[in-house]
Amino acid sequence: MDVCVIGFGAIGALYAYALDKTKQARITAVCRSNFDVLQEHGLDIESDRLGNHASWKPYRVVRSLEEAADRSYAYIICSFKCIPDITTTPALLAPLLSRLSADPPTSTTTFVLLQNGIGIEDDLLEAVSKIKAPTHQEKPGLLMRTKLVRGRH
């Protein structure tokens, strides 16, 4: 399964590494400031829970969301700072949302928001709800192939 992780700081990198260890995910890491270091040297992971690994690299490293938008993803993990007064999450994810609109995936795409804030999912939920549902049903009751999972405390 293809997973796109946007924001490859400590949180994004640890989640990506944990998913990669399952051997069931191909991670595309969208990196801006740390692209060169990750591409050349990888990451050294030192974790009591996940173990230690020197020079780990995800399946694929890209500099931009435009590069990452060349395929569909089962999961899109957002681990970048949520600052809606400056740029909304849908604005940042525009290349991936455009791909979903133009070329609906053959399976569900789930957005995972690893961000702080109250109501941070609202803008993305609105944007995802505007994506046209497929015109045919592969499974009874399955119309929308993109979902946003909300967690409540």
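# Close-up views of a predicted model

**Figure 1. Two aromatic pairs are present in the structure.** The model is predicted. F8 sits in the loop between β1 (2-6) and α1 (10-21). W56 belongs to strand β4 (residues 51-56).

**Figure 2. Y17 and W56 make an edge-to-face aromatic pair.** The distance is 5.4 Å centre to centre. The angle between the planes is 80 degrees. Y17 lies in helix α1, while W56 is in strand β4. This pair, too, links distant parts of the chain. Its partners are 39 residues apart. Y17 is buried, as is W56.

**Figure 3. One aromatic cluster is formed by F8, Y17 and W56.**

**Figure 4. The largest nonpolar core has 19 residues.** I6, L93, L96, L97 and F111 have the most contacts inside this core. Which elements give two or more residues to this core? They are β1, α3 (65-68), β6 (75-78), α5 (94-102) and α6 (121-129). Helix α5 supplies the largest share, three residues. In soluble globular proteins, nonpolar side chains tend to be buried together.

**Figure 5. I6 touches residues from other parts of the sequence.** Residues up to four places away in sequence are not counted here. The contacts of I6 include V30 and L65. I76, I77, C78, S79 and F80 also touch I6. L93 and L96 complete the list. Both L93 and L96 are, like I6, among the residues with the most contacts inside the largest core.

**Figure 6. Another core, of 17 residues, lies apart from the largest one.** Among its residues are F8, Y17, A25 and I45. F8 and Y17 also belong to the aromatic cluster with W56.

**Figure 7. A102 is a residue of helix α5.** Is A102 buried or exposed? Its relative accessible area is 68%, so A102 is exposed. The C-alpha atoms of A102 and I131 are separated by 9.0 Å. Along the chain, A102 and I131 are 29 residues apart.

Notes
Residues are numbered from 1 along each chain as its sequence is written. This is a predicted model: local features need pLDDT of at least 70, side-chain atom pairs count only at pLDDT 80 or more; totals for chains, interfaces and linings use all residues. Side-chain values use heavy atoms; hydrogens and water are left out. Rings of Phe, Tyr and Trp (its six-membered ring) pair if their centres lie within 6.5 Å; planes under 30 degrees apart count as stacked, over 60 as edge-to-face and the rest as tilted. Helices (H or I, at least four residues) and strands (E, at least two) are DSSP runs, numbered from the N terminus. Buried means under 20% relative accessible area, exposed over 50%, partly exposed in between (1.4 Å probe, protein chains only). A nonpolar core is a set of buried Ala, Val, Leu, Ile, Met, Phe, Trp, Tyr and Cys residues joined through side-chain atoms within 4.5 Å. Contact means heavy atoms within 4.5 Å.
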